[in-house]
Each structure stands twice: as C-alpha cells, then as structure tokens.
Amino acid sequence: MTTTSPASPAPSAAPPVLSARRRWTVLVVCALSMFLVGLDTTIVNVGLPEIGRGLGVGTRALEWVVDAYTVVLAALLIASGALADRFGRRRVFQAGLGVFGVASLACAVAPSLGFLVVARAVQGVGASMLSPVALAIVVNAMPDPRERARAIGVWAAVFGLSMAAGPVAGGGLIAAFGWRSVFWVNGPVVVAALVLVTVFVPESRGERARRLDLPGQALLTAALGLSVGVLIEGPRIGWASPLALAGYALIVVTAAGFVRVELRQSEPLMELGLFRRPPFAMAALGAVAVFVALNVTLLLTTFHLQHARGWTPLAAGTAALPLALGATLCAPWSGALVGRAGPRRPLVLAGGFLTAGGLCMVGLGRDTSVLPILLAYLLIGIGFGFANAPITNTAVGGLPPSRAGVAGAITSTARQVGSAVGIAIAGGLVTGVGPAGLAGASRPGWLLVTACGLFLFAVARASRPTSRA
C-alpha cells in the first residue's frame with residue numbers, strides 16, 4: 001500500500017487497553033448514536049401520508065424524502081470511514097453527530113418538499129460519519145475476539161432494533177405533535193450523545209491513513225443515485241421511454257467506470273478484493289436482501305393501512321408493534337448465538353421467518369382480517385432481529401481488526417442500498433393506485449419479501465460455521 005504523506009497524522013499504535021466497564025460503555029455510547037441513524041431510516045415511513053398532505057405532494061415525490069437520506073448515506077459511508085482513519089474516529093464521529101443534529105432541525109422547519117429533501121440529504125451526510133466509524137471504534141476497543149464478536153452482535157442488534165422501532169415511534173410522535181416532531185426529537189438525543197462521546201470514547205486512528213478516492217466516490221454516488229432515481233421515476237416516465245433507456249445506459253457506464261477505477265487505485269474507496277471471499281460477498285448481498293424486505297414491508301403496509309383502510313398514523317404505527325417486539329426479543333438472542341456458535345443458525349432462522357412473513361401477505365386483500373397482517377409483522381420482525389448480527393459477523397469474520405472497519409462500512413452501505421431500493425420498488429408498485437387497488441398492486445412486493453427470506457438460506461450456507469477473529 002502507498003505510505004502516508006508527511007502531512008498525515010501519525011498512525012496509531014496499539015489500541016489503548018480499556019477496562020471491561022469502559023469498553024462496554026464505549027459500546028453503549030456508539031450504539032445510542034447508531035440507534036439514531038437506523039431510526040431515521042424508517043421513522044419517516046409511517047408519516048409519509050401526513051407529510052404529503054402537509055406539503056401537498058403525491059406518493060412518487062414522497063419517496064425522495066426517504067431515499068435522499070438513504071442514497072447519500074450509502075454513497076458516503078466508506079469515504080467517511082477513510083476520513084475517520086485519517087483524522088481520528090472520535091473527531092469524525094462528533095462531526096457527524098453535529099451535522100446530523102443541525103440537518104434534523106432543518107427537516108423539522110422545512111417549508112417545502114424540495115427543502116425537506118435537501119435537508120434529508122444533509123442528514124444522510126451526517127449519518128454516514130456515524131455508522132462505519134461506530135463499528136471501527138467498537139472493534140478497536142474490543143481486542144478479545146470473543147468479546148468483539150459479542151459486541152458486534154449487540155451493535156448490529158441495536159441498529160436493527162432502531163429500524164424496527166421507527167414506525168411505532170413515528171406513529172406516536174405524529175399523533176401527538178405532528179409529522180415535524182419525528183425530526184425535532186433528534187435534537188436532545190444528539191446533544192446527549194455528543195457529551196457521552198466526549199467523556200467516554202477514546203480517540204483512535206487507522207494503522208494507515210488512506211487517501212480519499214474522489215473519482216471512485218463520484219462514480220459510486222452517481223451509480224447509486226441513478227439506479228434509485230430510475231426506480232422511483234420509472235412508473236412516471238415509462239420503463240421503455242428514451243429517458244429511462246438513457247438512465248439504464250448511464251447506470252451501466254458509471255458502474256463499470258467505478259469497477260475500473262477501483263481496480264486501478266492503490267488505495268481504492270471500496271476494496272473489491274473482499275468480494276472474492278464468498279462469505280463476505282454473500283453477507284453483503286444478504287444485507288441488501290434483509291433491508292429490501294424490511295422497507296418494502298413498512299411502505300406497503302403503511303399505505304395499505306392508511307389509504308385502503310383509513311387508519312391514522314398512530315394506529316398504523318401501533319400495528320407495527322409486533323415487528324418491533326420480534327426484533328427486540330430476537331436481536332439480542334441472535335447476537336448471543338453468533339458469539340457462542342457462529343452466524344449460520346441465526347441466519348437460517350432469519351430466512352425461515354422472513355419467508356413465512358412474506359407468504360402471509362401474498363393473499364392480502366382490502367377486507368382481509370387484520371390478524372394476518374399482525375402475524376406477518378411479527379414473523380418479519382423476528383426474521384429481521386435474527387438477521388443483522390450474523391450478517392455483520394459473517395462480513396468481518398476472518399479479517400484482522402485493521403480491515404474490519406472497511407468490511408463493516410461496505411456491509412453498512414449494502415444495508416442502505418437495500419433500504420433505498422426497497423422504498424423505490426414499493427413506491428413504484430403503489431404510485432397512482434387508488435385505495436381499492438392497493439392490495440393487488442402490492443402482491444409483487446410480498447413475493448419479493450418472500451424471495452429475500454429464501455436468499456438468506458444461501459447466505460447461511462456460505463457463512464462460517466463458527467465465528468473467528
């Protein structure tokens with residue numbers, strides 16, 4: 001690898017030896033910050049109809065409120081990890097919290113859809129400085145392989161729980177204070193997190209400070225933005241229209257350009273060589289699949305319950321309680337299973353429950369009893385709870401701590417890509433569909449959720465039978 005320039009900060013020596021209490025305090029602080037990132041990925045979903053009514057916009061435009069955040073977050077995660085390795089993880093983490101907090105306040109006072117979408121994109125910039133950096137801080141603080149595996153399990157479980165809790169929290173906040181409250185609530189949490197990070201989290205850097213790969217960053221951002229943009233706008237412009245065909249061509253060109261640039265870089269943005277490891281490649285695809293399934297579920301049920309059945313945001317959010325409950329109970333269990341026996345068993349459980357949940361919803365109609373919906377929520381929540389810890393462990397297992405941050409960043413990118421793609425697909429299915437036709441239009445989405453669950457069996461087969469440092 002290229003050596004660092006004289007202007008670069010000196011690489012860190014061995015990580016400081018922290019007491020057990022301090023190590024787990026660091027994990028709690030990082031997990032609190034990650035809870036914010038995950039929560040803001042899904043808390044807005046249940047409020048989309050209310051945001052649409054408040055700002056006078058339709059379903060297609062509303063998809064950008066969610067995907068402006070997730071696309072920017074996905075595109076910048078790896079670059080933010082490189083910045084943290086160079087300038088200090090705690091410093092970048094604090095900067096991310098600050099940007100996230102200010103952008104949240106901007107979202108809360110947004111006067112128009114365009115302003116809200118831009119503020120959500122800036123929020124994604126801040127969030128990108130939290131996710132991979134949090135994992136790198138945790139890995140750096142936990143030198144013991146078994147303890148590190150348990151910590152990664154807890155970290156992934158908290159992030160998964162935050163995603164599942166989003167609709168419930170959003171429904172309650174909107175019912176009590178209106179849709180803007182889902183952004184106001186971030187303020188005090190950010191302030192508390194900043195204080196805790198300053199007091200408890202030690203500074204650390206990567207062994208070698210990587211240079212920023214600006215061409216790779218630009219091409220990755222373009223490829224992701226174009227892909228999601230075509231998925232969102234496709235129903236409006238027509239999938240075979242000249243504009244759509246031009247979009248497909250640009251996606252291919254930017255993706256191919258990204259691969260070409262990364263293979264030629266001495267210090268690439270994304271280490272494509274990691275994808276030669278079957279466990280890592282399957283873990284990344286599994287992360288995409290899990291988050292596609294979650295976000296398709298949340299968006300389709302939100303519109304079905306609020307538009308087809310006339311439920312309030314509070315009622316729709318409360319209906320998601322079984323999903324949050326399943327994730328809450330099973331995510332810690334999954335982390336313990338990973339630490340004790342490796343990722344394979346929880347991945348099989350995750351695949352089985354996600355598949356069952358998707359199948360429960362395939363026959364959904366406007367007059368279907370609410371019980372199958374609640375059962376599907378529970379099954380999908382259980383599957384989601386079991387999935388996150390083993391996917392993260394599979395991605396970083398077998399790698400030294402110096403590469404764990406890169407692997408974790410790529411996996412986090414895959415999660416956000418899955419979120420963005422899931423929102424775009426689900427929104428495309430229901431855009432322009434009246435209340436009477438929503439159930440039928442959603443059926444391909446439920447088949448997709450089922451397919452994502454089945455794919456996790458392949459991820460389980462590729463995973464290591466036992467966790468490794």
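Helices are DSSP runs (H or I, at least four residues), strands are E runs of at least two, and both are numbered from the N terminus.

Before going on, a word on where the values come from. This is a predicted model, in which local features need pLDDT of at least 70 and side-chain atom pairs count only at pLDDT 80 or more, while totals for chains, interfaces and linings use all residues. Residues are numbered from 1 along each chain as its sequence is written, and side-chain values use heavy atoms, with hydrogens and water left out.

Back to α9, which covers residues 186–200. Its 15 residues reach 21 Å from the first C-alpha to the last, close to the expected 21 Å, where the expected span is 1.5 Å times one less than the number of residues. Which residues of α9 are buried? They are Asn186, Gly187, Val190, Ala193 and Val197. Seen down the axis of α9, these buried residues fall within an arc of 125°, so they line one face of the helix; the arc is taken over the directions from the helix axis to the C-beta atoms. The cover over them includes α1 (20–42), α4 (89–108), α5 (113–128) and α8 (181–184).

Leu36 gives a residue-level view of that cover. This leucine lies in helix α1 and is buried, with a relative accessible area of 3%. Leaving aside neighbours within four places in sequence, Leu36 is in contact (heavy atoms within 4.5 Å) with Phe100, Asn186, Val189 and Val190. Leu36 and Leu97 are 61 residues apart in sequence, and their C-alpha atoms are 9.6 Å apart in space.

Now turn to the surface. Leu105, Val109, Phe115 and Trp184 form a nonpolar patch there, with about 380 Å² of accessible area together. Patches are made of residues with over 30% relative accessible area and no salt bridge, joining like charges within 9 Å and nonpolar side chains (Val, Leu, Ile, Met, Phe, Trp, Tyr) within 5 Å. The areas come from the Shrake-Rupley method with a 1.4 Å probe, and for residues only the protein chains shown count as cover. Leu105 belongs to helix α4 and counts as partly exposed, at 38% relative accessibility.

A helix with another setting is α12, residues 278–308. Of its 31 residues, 27 are buried, so α12 is largely enclosed by the rest of the structure. Its end C-alpha atoms are 43 Å apart, which agrees with the 45 Å that 31 residues should span at 1.5 Å a residue. Just after α12, Gly310 takes a positive phi of about 75°.

Thr301 is buried at 4% relative accessible area and, beyond its neighbours within four places in sequence, is in contact with Met361, Tyr377 and Trp446. Thr302 is buried at 5%, and its contacts, counted with the same exclusion, are Asn45, Val46, Pro49 and His307.

Where does Asn45 sit? It is in the loop between α1 and α2, and it is buried, with a relative accessible area of 0%. Not counting residues up to four places away in sequence, Asn45 touches Val66, Asn295, Leu298, Thr302 and Ile423. Asn45 and Gly170 are 125 residues apart in sequence, yet 8.0 Å apart in space, C-alpha to C-alpha.

Side chains of opposite charge can pair when their charged atoms come close. Arg53 forms a salt bridge with Glu50, the closest N and O atoms being 2.7 Å apart; the rule asks for a side-chain nitrogen of Lys or Arg within 4 Å of a carboxyl oxygen of Asp or Glu. By this rule the count is one salt bridge. Arg53 and Glu50 are three residues apart in α2 (residues 48–55), so about one helical turn separates them. Arg53 is exposed at 54% relative accessibility, whereas Glu50 is partly exposed at 25%.

Finally, step back to the whole chain. Its secondary structure comes to 18 helices and zero strands, and 57% of its 469 residues count as buried. Among contacts between residues at least 6 apart in sequence, 86% join residues at least 24 apart. The chain exposes about 17,000 Å², of which carbon and sulfur atoms supply 70%.

Technical notes. Buried means under 20% relative accessible area, exposed over 50%, partly exposed in between (1.4 Å probe, protein chains only).
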